[in-house]
Amino acid sequence: MAESAGQAASEPLLTSVQPQNGDPLDVEVSQGDDSVLDHTLRRLDFFLFLFGFHQTSLLSAFMSWAAFLLVGVSIPVLTLELSECSGCEEYQIIKFELSILASQASLAAVSLLCVSHNLRKYGVRKFLFVDRFHGQMSRFRKEYVQKIQGFFRLLLWWILPVFLLKVIRETMRIVYVNHQSLWLSFVISLALIVSWAYLATIFLSACILFNIVCNLQVIHFDDYGKLLERDADSLTLLEEHMRLRYHLSKISHRFRIYLLLAFLVVTASQFLTLFQTTGYRHIINFINSGDFLVSSIVEVVGLILCLHAAAKISHRAQGVASVACRWHALVTCSSDGSQHRPTNSVGNSEANLAASFLIDCSESDLESLDNASWSTNTYFTSHMSSFQKRQALVMYLQSNPGGLTIFGWTVDRTLINTIFFIELSLVLFVLGKTVVFIS
């Protein structure tokens, strides 16, 4: 029974636009849009498979985690431990880079674990809420394709500048830190660049996936606002909003562990970075602490992408109530102004007068009207019924604002301000323990 109710809640009430009169051109266009969407999803699925997010079997899970431990952990650790350089003790490079590697590997492991669990359980279509009920609606296909293709553009937009910064830092390391040979320095730098790119791509991919999931839901909240403008039935609007709330609760449930762990790991990493750089008594330059800058950019960008997407969908969900209030007011005022019909009937006048008493008067005032007689007004009854339905819908939306939550806390401006002041307090605490005492 609960499963059937959940499936009914996940099905949209607004069905797709079907081709009329069996037009073959419309059918061909519809199939073409479906093929583009399927091709885009396959590209995304193949990308996730390459980076180990698909763990549908024991073999694929073993290969994924083996590649993670080899490329993301073992190679950089062995490279740093086995490299002997004349300037490492002076620059404290190895000590700094091991702590940076620990934070990067922790974030990548959390991303790989949470996203692979959801993909294994739901698949890429249900994971993005692009299934046969939700994604094959003709008016949303192009927007779905644009949002999913934006995954690759957003990933390249953020990974390429930081990658260039990482390459510059490793080049300066080769120039200023002398190893036994130039080839050894090149191999060490190449291994560190490949490992960093692998870990950073996994973390940013998980953050952008969450961003895409939220942006796909924004499409439906925007469509809900357009539905209000078309003056749809109140019951249809209520059931459509219940479906949107159901999807938001599913997203919150799937990503709450990931968002919480990512925030804790990023906070601990930035805390450690600030403590090490401000507590270090020697010179801090781009050679020995440049990786702090590179890793901090990736971590902060990923966290901002998650918080921005969560706050965006929460504000859209909370803004539905104000749109519904405006719709209710406009429909009520327009119906009162355009559909009011003057009449000479005494019975109708008495009915309108009694209705105004029923709204404005108290119970004691109504006792004097018990013996009054008047005729019924069919138009007024239907108009009041429509008004009460709209009023009930508005009250429901105001009482259920919705939004993406993390264990009950809605991710909106209030929570983001709280996070900002917590981080600021940690920064001031670290500065008080390092800069003040050292000076």
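Let's start at Arg-125. At 27% relative accessibility, this residue counts as partly exposed. Its partner is Asp-38, and the two form a salt bridge, with the closest N and O atoms 2.2 Å apart. Asp-38 comes out at 24% relative accessibility, so it counts as partly exposed too. One reminder before I go on: this is a predicted model.

Where do the two partners sit? Asp-38 is in helix 2 and Arg-125 is in helix 5, so the bridge links distant parts of the chain, 87 residues apart.

A search of the whole structure gives 8 salt bridges. Next, the buried ones. Lys-166 and Asp-291 meet through their side chains in a salt bridge, 2.9 Å from N to O. Lys-166 belongs to helix 6 and Asp-291 to helix 9, so this pair ties together parts 125 residues apart in sequence. Buried or exposed? Lys-166 is at 3% relative accessibility, so it counts as buried. Asp-291 is at 7%, so it counts as buried as well.

Asp-291 has another partner. It forms a salt bridge with Arg-169, the closest N and O atoms being 3.6 Å apart. Arg-169 is in helix 6, so this pair with Asp-291 of helix 9 ties together parts 122 residues apart in sequence. Both Asp-291 and Arg-169 are buried.

Which residues make up the network? Salt bridges link Glu-97, Lys-166, Arg-169, Glu-170 and Asp-291. As a general point, side chains of opposite charge can pair when their charged atoms come close.

Now the nonpolar side. The largest nonpolar core has 87 residues. Those with the most contacts inside it are Leu-44, Leu-128, Phe-210, Tyr-258 and Leu-404. Several helices each supply at least two residues, among them helix 2 (24–50), helix 5 (93–127), helix 6 (141–176) and helix 9 (286–338). Which helix gives the most? Helix 7 does, with 23 residues.

Take Leu-44 as an example. Leaving out residues up to four places away in sequence, Leu-44 touches Val-124, Leu-128, Ile-148, Phe-151, Phe-152 and Leu-209.

Last, the surface. Ile-257, Leu-260, Leu-261, Leu-264, Phe-407 and Trp-409 make a nonpolar patch of about 580 Å². Helix 8 brings the largest share, 4 residues. Leu-261 is placed in helix 8. At 35% relative accessibility, Leu-261 counts as partly exposed.

To recap: the buried pair Asp-291 and Arg-169, a core of 87 residues, and a nonpolar surface patch of about 580 Å². That's it from me.

Key. Residues numbered from 1 in each chain as written. Predicted model: local features only at pLDDT ≥ 70, side-chain atom pairs only at ≥ 80, totals over all residues. Heavy atoms only, no water. Core = buried A, V, L, I, M, F, W, Y, C linked by side-chain atoms within 4.5 Å. Buried < 20%, exposed > 50% of the residue type's maximum accessible area, 1.4 Å probe, protein only. Contact = heavy atoms within 4.5 Å. Patch = residues over 30% accessible without salt bridge, like charges linked within 9 Å, V, L, I, M, F, W, Y side chains within 5 Å. Areas by Shrake-Rupley, 256 points an atom, 1.4 Å probe, with all protein chains shown as cover. Salt bridge = Lys/Arg side-chain N within 4 Å of Asp/Glu carboxyl O.
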